[in-house]
Amino acid sequence: MEDALPALEVDVDPRLLEVLVCPVTRGPLEYDRAKHELVSRQARLAYPIRDGVPIMLPEDARELGEGE
């Protein structure tokens, strides 16, 4: 029996990260590579990255928990 292949991780283009801002606050974003998210500390939101594409819709963002 063959082992399942690991899912491919797609990184975000660093040039894209330089120009993206939070759509709610227009503030800076931090890239969380482990969680595949762009984090807005000001808005307390984490925007998902799917297949290397940041999903910058506030309604799709995850609210940050305490201590995040």
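I started with the hairpin of β2 and β3, which has four residues between the strands; in its turn, R44 shows a positive phi of about 60°. I took strands as DSSP runs (E, at least two residues), numbered from the N terminus, and called two strands paired if DSSP finds at least two bridges between them.

A note on the source: this is a predicted model, where local features need pLDDT of at least 70 and side-chain atom pairs count only at pLDDT 80 or more, while totals for chains, interfaces and linings use all residues. Residues are numbered from 1 along each chain as its sequence is written, and side-chain values use heavy atoms, with hydrogens and water left out.

Next I checked the β2–β3 pairing: β2 (residues 37-40) runs antiparallel to β3, with four bridges, and V39 sits opposite A46.

Which strand did I find joined to β3 by two bridges, with residues 62-63? That is β5, again antiparallel, where E63 is the bridge partner of L45.

I then followed β3 into β4 (residues 53-54), antiparallel with two bridges. R50 stands opposite V53, and D51 in this two-residue hairpin has a positive phi near 55°.

Last, burial (under 20% relative accessible area, 1.4 Å probe, protein chains only). Five of the six residues of β3 (residues 45-50) are buried, so the strand is largely enclosed by the rest of the structure.

I also noted that L20, leaving aside neighbours within four places in sequence, is in contact (heavy atoms within 4.5 Å) with L29, L38 and P54.

Technical notes
Buried < 20%, exposed > 50% of the residue type's maximum accessible area, 1.4 Å probe, protein only.
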